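Look over the sequence and the fold shown here. Then read the short report that follows.

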Amino acid sequence: MLGRVISSSRRLLVPALLTVGFAAVGCSSSVPVAAPSPEGASARQCRALQEELPRTVDGLERGTADPVSDFTAVWGDPAVRLRCGVDKPAVLTPGSEHYNPGADAAEVNGVEWLFEKQDDGYRFTTVLRKTYVEVSVPEKYAPEVDVLTDLAAAVKKTVPAGV
């Protein structure tokens, strides 16, 4: 009789532990992303961009940014991070110690992007758009620029060209 009780307890305990384990994994699936604080037209453009962003980029599924914001999005693990409404990049700001008027930029599907090598991948920031959109791509996804092809249509639709 005692053997049956232990066996029954184990049968109940294992599913309970698995449920707790899955809940813990689910809780940890959000990705920390510093949310910018755009205002006015930039905030409206970022909210519109949020509505147009694809469910996948370069085959990576969209995740949940922490905190949840109209100005951030993430895909994959490690995460590709998008932030909309960021400040003008320092390399484009005269007087900044990082100012570089010859900074590298490229067009991807009709959107111009500044690209900056980071410790673990690249940071891409839109240029020649009314609002700056920044995308950080881990080197695991090299060539990192591939992510931008899936984002270009949403950016073109929601963030007007201009300076």
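What share of the contacts in the protein with a separation of 6 or more comes from residues 24 or more positions apart? The share is 54%. A contact means heavy atoms within 4.5 Å.

This is a predicted model, in which local features need pLDDT of at least 70, side-chain atom pairs count only at pLDDT 80 or more, and totals for chains, interfaces and linings use all residues. Residues are numbered from 1 along each chain as its sequence is written, and side-chain values use heavy atoms, with hydrogens and water left out.

The protein has three helices and 10 strands. Both are DSSP runs numbered from the N terminus: helices are H or I with at least four residues, strands are E with at least two. The order from the N terminus is α-β-α-β-β-β-β-β-β-β-β-β-α.

A search of the whole structure finds one disulfide, meaning a pair of cysteine sulfur atoms within 2.5 Å. Cysteine 46 and cysteine 84 form it, with sulfur atoms 2.1 Å apart. The pair links distant parts of the chain, 38 residues apart. The link is left-handed, with -80° about the S-S bond.

| Cysteine | Element |
|---|---|
| Cysteine 46 | helix 2 (residues 40–52) |
| Cysteine 84 | strand 6 (residues 80–86) |

Are these cysteines buried or exposed? Cysteine 46 and cysteine 84 are both buried. Buried means under 20% relative accessible area, exposed over 50%, and partly exposed in between (1.4 Å probe, protein chains only). Of the 163 residues in the protein, 35% are buried.
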